Amino acid sequence: MTTAPIRTALLAYGMSGKLFQAPFLAAHPGFELYAVAERTEQRMHHDYPGIRSFGSVAELLADPSIELVVVNTPSGTHFELASQALRAGKHVLLEKPVATSVAQLQELLALAKQMDRHLLAYHNRRWDTDFGAVRRVVESGQLGQLIEVHFRFDRYKPTLNPKKFKEDVLPGSGLLYDLGPHLIDQAISLFGRPLSCHKTVGHYRPGTQVDDYFSLHLRYPQGLNVWLTSGLLIANPVPAYVLHGSQGSYQKGRTDPQEAQLLSGMSPAAPEYGREKPGEEGRLTLAGPDGALTTTPDPAAPGNYLGLFEAVFQAIRYGAPYPIRPEQLLWQNELLEQSASA
């Protein structure tokens, strides 16, 4: 078993590659950021002068030295490109949504098994600063029996996205498939597979052809209700995480600073990386023995997407279980497919 760095290639260098993958592959000693597929303008050279650019995906996949391929292209291309990479004998780190149907995902999982390669989902939001605090509170049991949970991912973007693949009616387009996977994955990682799902989807921006609002109501055993909501016309967002249980409540804003820090050029290795600002703490309200309620601030530990890349490294080099399990991906795609067609 080799312990050499995993030679890795990106299939694109847009926002996802520039912010959410390349900096971590460069920072983690277990990876060698080696190549990118850039058909026209070679932008990645400005940030990584030693990178090798391939003019096509086929040329990149033909390089036998590449072990891991990051499929970070538009959603509708994920299935075909991941399939090509697996057939070429590469491990695959696949951006969300990992597929636009359950059938596609099942085919990819079967192909990965056939080729003895890893198919790993890129769900970085499990390593968000704010969600880490939510997970800690849930797992502590301080809130007692959970009754009502709300996760939101809101933005105010009234104009249509200039990226046509996000606005055209295509498989994987629309807000449900864009931000829905983040919220669904977070809910599944905490609570597992729901008993049922009821969805509401809306189209509100002038000229939109795709959904720009959704709300999923997931029902769980023991009466737990989970709502996952996202909208593009939310000018004054409410707390992103609201949890109510028999012994208390918890509220937390969407305070993860990583995207803004990465945009500013901060390294994931910087001491202040992933730390939320003072005053952005969650609010934990608990009932005492006498029934009196006490509210205290709840600071979050720093988040860091390097945790995801460490999990990828451990899975490929040492066969460690990857935290985003195949059955969880199947549950997620079942909910997306059911919700999109309901």
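Reader: Which residues make the nonpolar surface patch of about 350 Å²?

Author: This is a predicted model, and the answer is read from its computed coordinates. The nonpolar patch covers about 350 Å² of surface, and its members are Tyr156, Tyr204 and Leu233.

Reader: Is Tyr204 buried or exposed?

Author: Tyr204 lies in the loop between strand S8 (196-202) and strand S9 (213-219). Its relative accessible area is 55%.

Reader: Which residues does Val312 touch, not counting residues up to four places away in sequence?

Author: Leaving out residues up to four places away in sequence, Val312 touches Phe31, Leu68, Leu93, Leu120 and Tyr322.

Reader: What is the omega of the cis peptide bond that joins Lys96 and Pro97?

Author: Most peptide bonds are trans. Pro97 is placed in the loop between strand S5 (91-95) and helix H5 (102-115). The bond that joins Lys96 to Pro97 is cis, with omega at about -15°.

Reader: What is the phi of Asp116?

Author: Most residues other than glycine have a negative phi. Asp116 sits in the loop between H5 and strand S6 (119-122), and Asp116 is exposed at a relative accessible area of 60%. Although Asp116 is not a glycine, its phi is positive, about 55°.

Reader: Where is Gln222, a residue other than glycine with a positive phi?

Author: Phi of Gln222 is near 60°. Gln222 counts as exposed, with 69% relative accessibility. The place of Gln222 is in the loop between S9 and strand S10 (225-231).

Reader: How many bridges join S13 to strand S14?

Author: Strand S13 (residues 282-287) runs antiparallel to strand S12 (residues 248-252), with four bridges between them, and Tyr250 stands opposite Leu284 in S13. S13 also runs antiparallel to strand S14 (residues 293-298), where Pro297 stands opposite Arg283. The number of bridges that join S13 to S14 is six.

Reader: Which residue in the turn of the S13 and S14 hairpin has a positive phi?

Author: S13 and S14 form a hairpin, and five residues lie between them. The residue in the turn with a positive phi, about 90°, is Gly291.

Reader: What distance separates the C-alpha atoms of Gly248 and Thr294?

Author: Gly248 is in strand S12 and is buried, with a relative accessible area of 11%. Apart from residues up to four places away in sequence, Gly248 touches Leu143, Leu243, Thr285 and Leu286. Gly248 and Thr294 are 46 residues apart along the chain, and their C-alpha atoms are separated by 9.1 Å.

Reader: How far apart are the closest N and O atoms of the salt bridge between Asp298 and Arg136?

Author: The structure holds 18 salt bridges. The pair of Asp298 in strand S14 and Arg136 in helix H6 (residues 129-140) links distant parts of the chain, 162 residues apart. Asp298 is buried at a relative accessible area of 8%, whereas Arg136 counts as partly exposed at 35%. The closest N and O atoms of Asp298 and Arg136 are 2.8 Å apart.

Reader: Are Arg205 and Asp212 buried or exposed?

Author: The side chains of Arg205 and Asp212 meet in a salt bridge, at 2.9 Å from N to O. Both Arg205 and Asp212 are buried.

Reader: Which residues do salt bridges that share partners join into one network?

Author: Salt bridges can share partners, and here they join three residues into one network: Lys96, Lys166 and Asp178.

How values were computed. Residues are numbered from 1 along each chain as its sequence is written. This is a predicted model: local features need pLDDT of at least 70, side-chain atom pairs count only at pLDDT 80 or more; totals for chains, interfaces and linings use all residues. Side-chain values use heavy atoms; hydrogens and water are left out. Patches are made of residues with over 30% relative accessible area and no salt bridge: like charges are joined within 9 Å, nonpolar side chains (Val, Leu, Ile, Met, Phe, Trp, Tyr) within 5 Å. Accessible areas come from the Shrake-Rupley method with a 1.4 Å probe; for residues, only the protein chains shown count as cover. A salt bridge is a side-chain nitrogen of Lys or Arg within 4 Å of a carboxyl oxygen of Asp or Glu. Helices (H or I, at least four residues) and strands (E, at least two) are DSSP runs, numbered from the N terminus. Buried means under 20% relative accessible area, exposed over 50%, partly exposed in between (1.4 Å probe, protein chains only). Contact means heavy atoms within 4.5 Å. Two strands pair if DSSP finds at least two bridges between them.
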